[in-house]
Amino acid sequence: MKRKKRIEKILTDNFSSWSIQVKDTSFLHRGHNNFSGKNETHFIITLQSKKIKNFKRLFIHQKINRILKKEFLNGLHALEIKINT
(Lines give C-alpha, C1' and ligand atoms only; values in the text may rest on other atoms or scores of the structure.)
Protein backbone atom coordinates (compact mmCIF):
# COMPACT_ATOMS: atom_id res chain seq x y z
CA MET A 1 0.00 0.00 0.00
CA LYS A 2 1.32 3.43 -0.88
CA ARG A 3 2.09 5.91 1.88
CA LYS A 4 -0.75 8.29 0.95
CA LYS A 5 -3.32 5.48 1.31
CA ARG A 6 -1.76 4.34 4.61
CA ILE A 7 -1.91 7.89 5.99
CA GLU A 8 -5.53 8.27 4.86
CA LYS A 9 -6.47 5.00 6.57
CA ILE A 10 -4.64 5.85 9.81
CA LEU A 11 -6.26 9.28 9.97
CA THR A 12 -9.73 7.97 9.11
CA ASP A 13 -9.43 5.30 11.82
CA ASN A 14 -8.40 7.91 14.40
CA PHE A 15 -10.50 10.91 13.36
CA SER A 16 -13.87 9.36 12.48
CA SER A 17 -15.84 12.56 13.07
CA TRP A 18 -13.66 14.57 10.69
CA SER A 19 -13.51 14.96 6.94
CA ILE A 20 -9.92 14.28 5.84
CA GLN A 21 -7.96 15.25 2.75
CA VAL A 22 -4.39 14.08 2.16
CA LYS A 23 -2.38 15.64 -0.65
CA ASP A 24 1.08 14.47 -1.75
CA THR A 25 3.27 17.53 -2.42
CA SER A 26 6.56 15.68 -2.77
CA PHE A 27 6.96 16.78 -6.41
CA LEU A 28 7.27 20.40 -5.21
CA HIS A 29 10.57 19.49 -3.54
CA ARG A 30 12.20 18.02 -6.66
CA GLY A 31 15.85 19.02 -6.88
CA HIS A 32 16.23 19.84 -3.19
CA ASN A 33 19.28 17.88 -1.96
CA ASN A 34 19.13 15.73 -5.11
CA PHE A 35 15.57 14.63 -4.26
CA SER A 36 13.70 13.22 -7.28
CA GLY A 37 10.25 14.23 -6.04
CA LYS A 38 8.94 10.74 -6.77
CA ASN A 39 8.97 9.41 -3.21
CA GLU A 40 5.95 10.08 -1.02
CA THR A 41 7.71 12.22 1.58
CA HIS A 42 5.82 15.53 1.82
CA PHE A 43 2.09 15.89 2.50
CA ILE A 44 -0.58 18.42 3.30
CA ILE A 45 -3.30 17.09 5.59
CA THR A 46 -6.55 19.04 5.84
CA LEU A 47 -9.06 18.15 8.55
CA GLN A 48 -12.61 19.52 8.53
CA SER A 49 -14.62 19.13 11.71
CA LYS A 50 -18.02 17.49 11.15
CA LYS A 51 -19.23 17.71 14.75
CA ILE A 52 -16.62 19.06 17.14
CA LYS A 53 -16.63 22.83 17.50
CA ASN A 54 -14.30 23.24 20.48
CA PHE A 55 -11.02 21.41 20.09
CA LYS A 56 -7.40 22.11 20.84
CA ARG A 57 -5.33 22.45 17.69
CA LEU A 58 -2.15 21.56 19.56
CA PHE A 59 -3.72 18.29 20.75
CA ILE A 60 -4.70 17.38 17.18
CA HIS A 61 -1.22 18.18 15.83
CA GLN A 62 0.37 16.10 18.58
CA LYS A 63 -2.00 13.19 17.94
CA ILE A 64 -1.31 13.22 14.19
CA ASN A 65 2.45 13.23 14.76
CA ARG A 66 2.09 10.39 17.29
CA ILE A 67 -0.09 8.14 15.11
CA LEU A 68 2.13 8.74 12.06
CA LYS A 69 5.38 8.07 13.95
CA LYS A 70 5.99 4.83 12.03
CA GLU A 71 5.67 6.69 8.73
CA PHE A 72 8.19 9.31 9.90
CA LEU A 73 10.60 6.53 10.83
CA ASN A 74 10.18 5.06 7.33
CA GLY A 75 10.72 8.05 5.05
CA LEU A 76 7.94 10.57 5.69
CA HIS A 77 9.77 13.87 5.87
CA ALA A 78 7.23 16.68 6.28
CA LEU A 79 3.58 17.35 7.06
CA GLU A 80 1.59 20.52 6.75
CA ILE A 81 -1.53 20.21 8.91
CA LYS A 82 -4.55 22.43 8.28
CA ILE A 83 -7.55 22.29 10.61
CA ASN A 84 -10.83 23.88 9.58
CA THR A 85 -13.95 24.27 11.68
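Residues are numbered from 1 along each chain as its sequence is written, and side-chain values use heavy atoms, with hydrogens and water left out. Because the model is predicted, local features need pLDDT of at least 70 and side-chain atom pairs count only at pLDDT 80 or more, while totals for chains, interfaces and linings use all residues.

The chain comprises three helices and three strands. Helices (H or I, at least four residues) and strands (E, at least two) are DSSP runs, numbered from the N terminus. Read from the N terminus, the order of elements is α-β-β-α-α-β. Of the 85 residues in the chain, 34% are buried. Buried means under 20% relative accessible area, exposed means over 50%, and partly exposed lies in between (1.4 Å probe, protein chains only). Contacts between residues at least 6 apart in sequence were also computed; 63% of them join residues at least 24 apart. A contact here means heavy atoms within 4.5 Å.

Strands β1 and β2 pair in the antiparallel sense, over seven bridges. Two strands pair if DSSP finds at least two bridges between them. Residue D24 stands opposite F43 of β2. Strands β2 and β3 (residues 78-84) run parallel and are joined by seven bridges. Here L47 stands opposite I83 of β3. Strand β2 is mostly covered, with seven of its eight residues buried. In a regular strand the side chains alternate between the two faces of the sheet.

The model holds two aromatic pairs. Rings of Phe, Tyr and Trp (its six-membered ring) pair if their centres lie within 6.5 Å; planes under 30 degrees apart count as stacked, over 60 as edge-to-face and the rest as tilted. F15 and W18 form an edge-to-face pair, 6.3 Å centre to centre, with 90° between the planes. Both F15 and W18 are buried. The ring centres of W18 and F55 lie 5.0 Å apart and the planes meet at 75°, so this pair is edge-to-face. W18 belongs to strand β1 (residues 18-24), and F55 sits in the loop between β2 (42-49) and α2 (57-67), so the pair ties together parts that are 37 residues apart in sequence. The relative accessible area of W18 is 7%, so W18 counts as buried.

Helix α2 contributes K63 to its own buried set, together with I60 and I64. Seen down the axis of α2, these buried residues fall within an arc of 100°, so they line one face of the helix. The arc is that of the directions from the helix axis to the C-beta atoms. On the other side of α2, L58 and R66 are exposed. The cover over the buried residues of α2 includes α1 (3-14), β1, β2 and β3.

The loop between β1 and β2 holds S26. Its relative accessible area is 1%, so S26 is buried. The side chains of S26 and D24 are joined by a polar contact of 2.6 Å. A polar contact is a pair of N or O atoms within 3.5 Å; within protein, one must be able to donate a hydrogen and the other to accept it, and residues adjacent in sequence count only if both atoms are side-chain atoms. The S26 side chain also reaches the backbone nitrogen of H42, at 3.0 Å.

F27 is found in this β1 to β2 loop as well. Its relative accessibility is 44%, so F27 counts as partly exposed. The C-alpha atoms of F27 and N39 are separated by 8.3 Å, with the two residues 12 apart along the chain. L28 also has its place in the loop between β1 and β2. L28 is exposed, at 58% relative accessible area. In the loop between β2 and α2 lies K53. K53 counts as exposed, at 57% relative accessibility. The C-alpha atoms of K53 and N84 are separated by 9.9 Å, and the residues are 31 apart along the chain.
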